[in-house]
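Subject: Structure handover

Hi,

Here is the structure I promised to pass on to you. My notes on what turned up follow below it, so please open both side by side.

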Amino acid sequence: MTTSARKPFRNPRARHNYLGRPCSIAAVGAYVPERVVTNADLEQLVETSDEWIFTRTGIKERRQAAAGEATSDLAAKAAQRAMANAQVSADQIDLIITATVTPDMPFPSTSCLVQQKIGAKRAAAFDIEAACSGFIYALEIGQQFIMSRTYDTVLVIGADKLTSVVDWADRNTCVLFGDGAGAAILQNRPGSHGLLTVCLGADGSKGDVLCVPGGGSRLPASTQSLAQRQHYIRMDGRETFKYAVQAMLAAGKEALTRCELDISQIACVIPHQANRRIIEAVSERLGARPEQVFINLDRYGNTSAASVALALDEAVACGRVQRGDLILLVVFGAGFTWGAAVIEW
Ligand SMILES: CC(C)(COP(=O)(O)OP(=O)(O)OC[C@H]1O[C@@H](n2cnc3c(N)ncnc32)[C@H](O)[C@@H]1OP(=O)(O)O)[C@@H](O)C(=O)NCCC(=O)NCCS
């Protein structure tokens, strides 16, 4: 489908690009730390097996940042790759938005630290938090600044070092997560419609199903909170699984409906990479053929806010996504939060 053939959608909520200045994703970039942690490595830490992890999750290995490597280090490297791919220089960037649940520290924001690392001196900078759904939330926010003509170039990043909050003694969670970062440059680029719609949702009543209870204003760090392991991820896996399938399915369907698209018109479905069984359940119910669905979970595990950005970057780099293709991103995370976006690449 060529860009020029696209007519305005009847559904007003799908017509972002016709209500304001169109916002395209000029380019993406990603970075993962060097250290690979295999399922065999985890067999040395907890009572588990490669067979259990792979059949229940689809994960073979994940990346772990070095001790001195923080989220802003991963984020800055992903950002620099996106900037190079988009041929955008640091002084062109007007705004940096980083989605993360593992900031380097409570403040300053990770975006401010990235601003310094990449030398984007003109840029405003702030973080957002929507856990594993963060990248799509940040894309939607960034898009609004382009559409309203407030800014011309927005750097959106999804980055997390979840291994810093993983309880390495808890086999229910420690096998699932990894570290990484993905970034996108948003601009108005003539002839490109970019983000066609973004659907977001949340259910705060499920906050305790997947959380890190300690370290905030409710339970500040103390010897007691440390002893009670309150600073690590707590999760009810089954409850999360069930809710994720329902929410991702509903968001994906809503995004397609808004754009008056059938799933067969989508060249590539890029779901949040948390569990292969969640991805398959959502894709099947959306009516997607397996070859339409992009999966790199086996190599990275769940990288939280980086997940779909990392997958999108890889799909573009390996030619699975071509200019003009329609892509469906579908995400889910703690909060609970979820979202779906249709992108014309
Ligand atoms: C966590 C998850 C993989 C567990 O898979 P599951 O099929 O639901 O497994 P269950 O919770 O039913 O546990 C089955 C058994 O395996 C055990 N088990 C859990 N982790 C294990 C591991 N790493 N190795 C071996 N056994 C494990 C459990 O203790 C349980 O044993 P029990 O029956 O004796 O109590 C799955 O629920 C999941 O992926 N949930 C969603 C998680 C997610 O996506 N989170 C992030 C959202 S952004």
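The axes of α9 (237-258) and helix α10 (residues 276-286) come within 9 Å and cross at roughly 35 degrees. Axes here are lines fitted to C-alpha atoms, for helices over the stretch in contact, and angles run from 0 to 180 degrees between N-to-C directions. Helices (H or I, at least four residues) and strands (E, at least two) are DSSP runs, numbered from the N terminus. The α9/α10 crossing is right-handed; the term left-handed applies if the near helix is turned anticlockwise from the far one by less than a right angle, and right-handed if clockwise.

From α9, the residues F241, A244, V245, M248, L249, G252 and K253 meet I278, A281, V282, R285 and L286 of α10. This contact divides into 9 nonpolar, 1 polar and 2 charged residues. For these classes, Ala, Val, Leu, Ile, Met, Phe, Trp, Tyr, Cys and Pro count as nonpolar, Asp, Glu, Lys and Arg as charged, and the others, Gly among them, as polar. Two residues are in contact if their C-beta atoms, placed from the backbone, lie within 7 Å.

Before you go further, please keep in mind that this is a predicted model: local features need pLDDT of at least 70, side-chain atom pairs count only at pLDDT 80 or more, and totals for chains, interfaces and linings use all residues. Residues are numbered from 1 along each chain as its sequence is written.

Next, the domains. The chain is divided into domain 1 (19-191) and domain 2 (196-344), with bounds that come from an automatic or database domain assignment. Their centres, taken over C-alpha atoms, are separated by 14 Å. Across the boundary, 43 residues of domain 1 are in contact with 41 residues of domain 2. On the domain 1 side that touches domain 2, β1 (24-31), β3 (61-64), α6 (134-147), β6 (153-161), α7 and β7 (179-187) each supply at least two residues. By class, that side of domain 1 has 23 nonpolar, 12 polar and 8 charged residues.

And where does the ligand lie? Both domain 1 and domain 2 give residues to the shell around the ligand, so it lies between them. The ligand is surrounded by 21 residues, of which the closest are T48, G237, F241, A274 and N275; a residue counts as near a molecule or strand if its C-beta atom, placed from the backbone, lies within 6 Å of it. At least two residues of this shell come from each of α3 (50-57), α7 (171-174), α9 and β12 (326-333), and α9 gives the most, with 5 residues. The shell has 10 nonpolar, 8 polar and 3 charged residues.

A few backbone details may interest you. The peptide bond from F107 to P108 is cis, with omega near 5 degrees, and P108 lies in the loop between β4 (95-99) and α5 (110-118). The bond from G335 to F336 is cis too, with omega near -15 degrees; F336 sits in the loop between β12 and β13 (337-344).

R229 is not a glycine, yet it has a positive phi of about 55 degrees. You will find R229 in the loop between α8 (223-227) and β10 (234-235), and it is partly exposed, with 13 other C-beta atoms within 10 Å. E260 is also not a glycine and has a positive phi of about 55 degrees. Its place is in the loop between α9 and β11 (268-271), where E260 is exposed, with 12 other C-beta atoms within 10 Å. On this scale a residue is buried if 20 or more other C-beta atoms lie within 10 Å of its own, exposed if 12 or fewer, and partly exposed in between, with C-beta atoms placed from the backbone.

Helix α12 (residues 307-317) is mostly covered, with 9 of its 11 residues buried, among them V308, L310, L312 and V316. G319, which follows α12, has a positive phi near 85 degrees. A123, in the loop between α5 and β5 (124-128), is buried, with 23 other C-beta atoms within 10 Å. Leaving aside residues up to four places away in sequence, A123 touches I93, D94, L95, I96 and Q115.

Best wishes
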